[in-house]
Every structure is written in C-alpha cells, then in structure tokens.
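User: Hello! I am new to this structure and would like to know what the terms used for it rest on. Could you take me through them?

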Amino acid sequence: MPKIVDPEARRRAVADAVFRVAGRDGLENASLRNVAEEAGLAVGSVRHYFASHSELMLFAMRELARRVDARVRGRAERLLAAPSGPDRAALLEELLAEFLPLDAARHDEAVLWLAFSTAARVRPDLRPRADELHAGMRELIDRVLREGRHHGGFPEDLDAPLEALRLLALLDGLTLTAVLQPGRVTPDDMRRVLRLHLLSLRGA
C-alpha cells in the first residue's frame, strides 16, 4: 500500500528545513537543493510542493509568522479580556515580550525574521509579505495601547499611534542588538528596558 503523505505537514517540514539552513548558513544558502538535502528529500519532491524557490520562501515566511502569531494571539486575547488593574499591566508586558528574543526559541525566530526582512529589501516577491507582517505588529500594539488608555492604564491624552511606533522601534532595536551583538544585552536587560518604557507611558 502506498504511503499517504499529508501535503500540509510535508510543506511545514520543508519550511523547518529552510529555517535550519537559514539559521545555520544564512538565508542566501537556502536553495532548493540545500533545503531538500536538509529535509532528507529529493529536489523533485520539494518541487512537488513548491513550484519555485520564491514560493518556498513565501511559505516559510508565512509559517514563521503563523507560529509567532499563535503565541501572540493567545496572550492578546487574555489581555483584552482582562479587567483594569495590575494583572492587566503584567499581561501587556508579557504580550510585548513575545516579540523579544528572550529564550532560545524566540532568538531563533528573531534571527530568521531579520534574515527574511533583510532579503525582502531587495526581493520584490518577499517585500509585500514583510510589510504586511510589520504593519500587523504595529496595529496590534496600537490596539493594546488604546485599550490600555480606555481602561485607565495610560493617560487619556496618550497618542496611541505615535507611541505604537515608538514602542515598535524599541522592540526592533532590542531584537537587532540581541541578535547581532548577543553579548551586549541579556534577556533581563531587555525586560527591564521594556518595563521601564511601559512605566514611562503610564506617567510613573
């Protein structure tokens, strides 16, 4: 009896191979041949699921975003459902911390996301997806700041769109430093910077 293969599971397994190659050797080395070898497949088998290298890269970007979104969405739902008070402030910090490389898994994700974002600068096929995901992150931060203002966690005159941009720049800067100069900033450093920034938004 022929083996039954779940196409979506196989596509995600190939995306995992992209992540391993890109994390180890750089995204520029994640060719169809190298990815196929990493996944233990023939190049023809990879081409069965992805018609081109561009299609594979786009799927890998979506898969990376899906995994991050699964964590972030759960925290966002708990935050938006929480009443006012210190618990809400803690939930907000934990939500935003999901975007920082505070452990090995999130560090690996940050390395990959920076690789895709850098590639998107010169690859028109990747740029729309990178822009869409970055905009989604900014919109989420804007929403939680507005909700925090509504619940009294932030001043009524808080400029949510501007502060969302400032907070996004802070998260991006910490992530970039942690990835490119890992000895310069620790997870505790990043948490302290984030916490201090949120306190400043509350007028503390």
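Analyst: Gladly. This is a predicted model, and buried residues make up 38% of the 204 residues in its chain.

User: What makes a residue count as buried here?

Analyst: The cut-off is a relative accessible area under 20%. So 38% of the 204 residues fall under that value.

User: How do you know which secondary structure the chain has?

Analyst: Helices are DSSP runs of at least four residues, and strands need at least two. By that rule the chain comes to nine helices and zero strands, therefore its pattern along the sequence reads α-α-α-α-α-α-α-α-α.

User: What makes a residue part of the lining of the largest pocket?

Analyst: An atom within 4 Å of a point is enough. The lining has 38 residues, and Val68, Phe99, Trp113, Leu133 and Met137 lie nearest the centre of the pocket. Helix 4 (53-81), helix 6 (104-120), helix 7 (127-150) and helix 8 (160-180) each give two or more residues. The largest share, eleven residues, comes from helix 7.

User: How many of the lining residues are nonpolar, polar and charged?

Analyst: The lining has 19 nonpolar, five polar and 14 charged residues.

Note on methods
Residues numbered from 1 in each chain as written. Predicted model: local features only at pLDDT ≥ 70, side-chain atom pairs only at ≥ 80, totals over all residues. Heavy atoms only, no water. 1 Å grid on protein atoms, 1.4 Å probe; cavity = no way out; pocket = protein on both sides within 12 Å on 5 of 7 lines; lining within 4 Å. Nonpolar A, V, L, I, M, F, W, Y, C, P; charged D, E, K, R; others polar. Buried < 20%, exposed > 50% of the residue type's maximum accessible area, 1.4 Å probe, protein only.
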